[in-house]
Each structure stands twice: as structure tokens, then as C-alpha cells.
Amino acid sequence: MSNQLRNKKILLVGGSAGLGLAVATMAHGCGAQIVIASRAAAEKHEELVAKVGPEIETFSLDVTSETGFDHVLQEIKEIDHLVMTTRPTITPASFVETDLEQAQKAFETRFWGQCRLIQKVQGRIRPGGSILLTTGIAGEKVYENNSIMAVLNSATETLCRTLAVEMAPIRVNAVSPGFIAPKPQEVEHYASQFPSGRVASAAEVAEAYIYLMTNQYVTGTTLVVDGGARLI
Ligand SMILES: NC(=O)c1ccc[n+]([C@@H]2O[C@H](COP(=O)([O-])OP(=O)(O)OC[C@H]3O[C@@H](n4cnc5c(N)ncnc54)[C@H](OP(=O)(O)O)[C@@H]3O)[C@@H](O)[C@H]2O)c1
């Protein structure tokens with residue numbers, strides 16, 4: 001495990017479940033100070049302490065709302081890394097049948113939520129720090145009934161590249177996972193065709209975030225962790 005995260009302060013927005021929780025747990029194991037924010041993170045404080053480890057901080061934050069940021073920022077003051085893993089709700093559908101209201105909410109959660117957060121936090125990132133966005137395989141490979149997620153992911157990847165230039169020397173990177181366990185049986189079956197032969201564990205994808213936080217020469221990069229899923 002990387003020593004370079006020892007005593008580094010990491011704000012994980014969307015760190016209360018799934019992939020974000022795996023990043024929080026791994027970074028805590030590297031000696032980082034962990035701050036988790038999500039809509040229900042504060043309510044789940046004891047549960048998150050049991051899963052991640054002692055001395056973590058938790059805050060209630062809904063990235064779709066303008067309110068709530070000031071309190072979190074006043075409390076945390078400065079950070080080294082900002083990691084965003086909020087998950088939008090999107091019901092798979094053909095483009096013509098897409099619920100556009102739901103699609104707009106998905107953009108509010110992932111895309112505009114990220115933008116809002118970056119604008120609020122950027123002045124508080126210490127030298128050597130970074131911003132990590134989360135995208136996904138649907139930005140690169142075309143899947144049936146996934147047009148909104150595809151556009152959302154592509155927008156996130158473009159934001160990553162443009163911010164890496166505009167916000168330098170703060171580094172800005174993204175992680176693009178393929179399929180992370182647990183998944184329904186039909187997805188597990190589909191994954192048996194991947195070069196990796198299976199879906200990823202959350203910890204395998206979390207390692208990409210640790211790498212991107214610690215390697216001082218990587219910026220503007222979307223790191224794909226998909227077991228070769230995009231190749232078939
Ligand atoms: N899982 C996969 O197979 C996969 C594949 C490719 C890409 N991804 C991407 O990876 C990211 C994480 O996915 P996941 O499967 O780990 O998701 P998850 O388990 O559903 O966790 C999502 C996190 O986002 C938080 N969240 C949701 N809406 C929020 C809001 N409005 N404000 C603040 N926090 C919010 C949730 O906490 P609260 O409910 O407490 O707010 C939770 O901590 C997502 O961006 C997803 O699109 C996942």
C-alpha cells in the first residue's frame with residue numbers, strides 16, 4: 001500500500017457505498033484522513049466507522065442542491081484530494097423512450113454535481129493535490145438502451161481533460177470502471193466473455209484511484225479498469 005497517502009486528507013463525495021466506500025477503505029489503510037460526504041453519510045456514521053476505520057469524518061451533502069456545501073467546507077478547511085463517485089439513477093431505455101426528466105436529474109447528480117463541487121472546493125486543494133472524477137465504460141463502448149449514460153460519461157471525460165489544463169498544477173483525472181460486483185447473473189454470464197473472464201471487485205477498481213492520487217505525473221487521464229470489457 002502507498003505511503004504517499006499518509007496523513008493526506010481526502011474528501012470522498014459518494015464514499016458511503018459501493019466503489020467510493022472501497023476507495024475510502026483502501027485510502028484509510030494507506031494512512032489517509034478520510035472525509036465521506038453523501039446524502040445519508042452522516043446518518044450512517046457508525047456503520048461507516050465500522051467499515052472504513054476509526055477517526056473518519058462524515059457529512060450530509062446532496063450535490064444536486066446549492067445548500068449544504070458551506071457547512072462541509074467550513075468544517076474540512078483544506079484537502080489534498082477530492083474523489084467523486086456519486087451514482088445517478090438511470091433506467092435503461094431506448095433513446096426515444098428515455099425519461100428526459102430522469103435524465104436531467106442524472107446530469108444534476110453526476111455532471112452538474114461534479115461541476116458544483118469542483119467550483120466550491122478548488123481553492124482548498126493543497127499543492128500536490130488532485131481531483132478524481134468517475135466515468136464508466138458506456139462512455140466508450142455503445143450499449144443498447146444506454147444513450148444517456150454514454151453522453152454523461154463522455155461529458156465527464158471531456159471535463160477531465162479540459163480541467164487538467166485549466167486547473168494545473170492541480171491534477172485532474174478520471175476512473176472508468178467496466179462492471180463491478182455484485183451484478184445480476186446475466187451480467188456475470190456476459191462478463192465470462194471478457195478477457196478477464198469476470199466482473200471486477202470494488203477493491204480492484206479502487207486501486208486505480210490510489211494510483212491516480214499518488215502519481216504526480218499523471219493528469220488529464222481517464223484510467224480504464226474494465227477487464228477488457230470494451231474490447232469485445
Ligand atoms: N458499479 C458499477 O458497475 C459501475 C460501472 C461503471 C461506472 N460506475 C460509476 O461509478 C460510480 C459509483 O458507482 P457505485 O456502483 O459504487 O454506486 P453506489 O454503490 O450506488 O454508491 C453511490 C454513492 O453516491 C452517493 N450519492 C448518490 N446521489 C448523491 C447525491 N445527490 N449527493 C451526494 N451523494 C450522492 C450515495 O450515497 P447517498 O445515497 O447517501 O447519497 C453513494 O455513496 C457511479 O458514478 C457509477 O456511475 C459504476
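Where is the place of Lys 77? Lys 77 sits in the loop between α3 and β4 (79-84), where helices (H or I, at least four residues) and strands (E, at least two) are DSSP runs numbered from the N terminus. The model is a predicted one, in which local features need pLDDT of at least 70 and side-chain atom pairs count only at pLDDT 80 or more, whereas totals for chains, interfaces and linings use all residues. Residue numbers start from 1 along each chain as its sequence is written.

Lys 77 is exposed, with 8 other C-beta atoms within 10 Å. Here a residue is buried if 20 or more other C-beta atoms lie within 10 Å of its own, exposed if 12 or fewer, and partly exposed in between, with C-beta atoms placed from the backbone. Helix α3 (residues 69-76) has eight residues, of which the number buried is zero, so this helix lies largely in the open. A positive phi, near 65°, is also found at Glu 55, again in a residue other than glycine. The loop that holds Glu 55 runs between α2 (45-52) and β3 (57-60), and Glu 55 is exposed, with 9 other C-beta atoms within 10 Å.

Leaving aside neighbours within four places in sequence, Leu 12 is in contact with Gly 20, Val 23, Ala 24, Ile 34, Val 35, Ile 36, Val 83 and Thr 85; contact requires C-beta atoms, placed from the backbone, to lie within 7 Å.

The axes of α1 and helix α7 (residues 202-214) cross at roughly 60° and come within 8 Å. The axes are lines fitted to C-alpha atoms, for helices over the stretch in contact, and angles run from 0 to 180 degrees between N-to-C directions. From α1, the contact draws on Gly 18, Leu 19, Ala 22, Val 23, Met 26 and Ala 27, and from α7 on Ala 202, Ala 203, Val 205, Ala 206, Tyr 209 and Ile 210.

Helix α4 (residues 100-121) packs against helix α5 (residues 147-166) at an angle of about 15°, with the axes 11 Å apart. α4 is therefore roughly parallel to α5, a term for angles under 35 degrees. On the α4 side, Ala 103, Ala 106, Phe 107, Arg 110, Phe 111 and Gln 114 meet Ile 148, Leu 152, Ala 155 and Thr 156 in α5.

Two cis peptide bonds remain to be described. One runs from Ala 168 to Pro 169, with omega near 15°, and Pro 169 lies in the loop between α5 and β6 (171-177). Another joins Ala 181 and Pro 182, with omega about 0°; Pro 182 belongs to the loop between β6 and α6 (185-191).

Conventions
Parallel < 35°, antiparallel > 145°, perpendicular 65-115°, else oblique. Contact = placed C-beta atoms within 7 Å.
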